[in-house]
Amino acid sequence: DITEFARVSQFVRTLMPQVDKTLELYHGDEPLFDAYGVELEIDRAIERKVWLKSGGYLVIDQGEALTAIDVNTGRFVGHRNLEDTITKTNLEAVKEVVAQLRLRNIGGLIVIDFIDMDRPTNREKVWRGLQDALKKDRAKTNVLQISELGLVEMTRKRVRESLTHQLGEPCPYCEGRGLVKSAVT
């Protein structure tokens, strides 16, 4: 609606003039969120399982006290030996874990369960990869050394409520252990 667009445009001109030139009125027949896949991306952003390009995946479980992220090889079997496959999957997971922390606004205590690596040099490589990836994150983090079991304990400053809690509400059927999209979402 052109009237609504004019109102939004005036608002943006007043508060964010640098963005005003990027506004444009959508004329498509398909609903805007459907045309640009916004609903699909929202669903992906709150799913438990996040696939990695290699075929491995992350499982992200957010609880009241902490967030647990489990790294799995999934379909990825590698070409050489198992240790190389595991290290490669863990290094790929490092980038995706940091991206998910930012995307989902995850803060507080976080435990990342990387796939067990036999060689200490590989654990060090994954830990350094995590440290490097977190340098781009604006939220303050504190990361402990990776354990022999492949666990990393870290804290991340809670900037705002997590995406899962913003978009969802406790499930009425399982007494809050699960989550369903809120009416607003």
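User: How many helices and strands does the secondary structure of the protein chain come to?

Analyst: In this predicted model, the protein chain has six helices and eight strands. Along the sequence they follow the pattern α-α-α-β-β-β-α-β-α-β-β-α-β-β.

User: What share of the residues in the protein chain is buried, and what does "buried" mean here?

Analyst: Buried residues make up 34% of the 185 residues. The word is used for a relative accessible area under 20%.

User: Why is asparagine 105 called buried?

Analyst: Its relative accessibility is 11%. The limit is under 20%, so asparagine 105 counts as buried.

User: Where does asparagine 105 lie, and what is its phi?

Analyst: Asparagine 105 is in the loop between helix H4 (82-103) and strand E4 (108-113). Its phi is positive, about 55°, although the residue is not a glycine.

User: What makes the contact of arginine 7 with glutamate 4 a salt bridge?

Analyst: The N to O distance between the two side chains is 2.5 Å. A salt bridge requires a side-chain nitrogen of Lys or Arg within 4 Å of a carboxyl oxygen of Asp or Glu, so the pair qualifies.

User: Why are arginine 7 and glutamate 4 separated by about one helical turn?

Analyst: Because they are three residues apart in helix H1, the separation is about one helical turn.

User: Are arginine 7 and glutamate 4 buried, partly exposed or exposed?

Analyst: Arginine 7 has a relative accessible area of 55%; exposed means over 50%, so arginine 7 is exposed.

User: Where do arginine 128 and glutamate 124 lie, and what makes them a salt bridge?

Analyst: Both are in helix H5 (residues 120-134), four residues apart, about one turn of the helix. The closest N and O atoms are 3.0 Å apart, and the limit is within 4 Å, so the pair is a salt bridge. Arginine 128, at 48% relative accessibility, is partly exposed; glutamate 124 is partly exposed as well, with 26%.

User: How many salt bridges does the structure hold?

Analyst: The structure holds six salt bridges.

User: Which residues form the nonpolar surface patch, and why is leucine 15 called exposed?

Analyst: The patch consists of Phe11, Leu15, Met16 and Val19, with about 360 Å² of accessible area together. Leucine 15, found in helix H1 (residues 2-15), has a relative accessible area of 55%. Exposed means over 50%, so leucine 15 is exposed.

User: What makes the patch of Asp29, Glu30, Asp34 and Glu39 negative?

Analyst: Asp and Glu count as negative, so the patch formed by Asp29, Glu30, Asp34 and Glu39 is a negative one. Glutamate 30 is in the loop between H1 and helix H2 (32-35). With a relative accessible area of 44%, glutamate 30 is partly exposed; patch residues need over 30%, so its value passes.

Terms used:
Residues numbered from 1 in each chain as written. Predicted model: local features only at pLDDT ≥ 70, side-chain atom pairs only at ≥ 80, totals over all residues. Heavy atoms only, no water. Helix = DSSP H or I, 4+ residues; strand = E, 2+ residues; numbered from the N terminus. Buried < 20%, exposed > 50% of the residue type's maximum accessible area, 1.4 Å probe, protein only. Patch = residues over 30% accessible without salt bridge, like charges linked within 9 Å, V, L, I, M, F, W, Y side chains within 5 Å. Areas by Shrake-Rupley, 256 points an atom, 1.4 Å probe, with all protein chains shown as cover. Charge placed at Lys NZ, Arg CZ, Asp CG, Glu CD.
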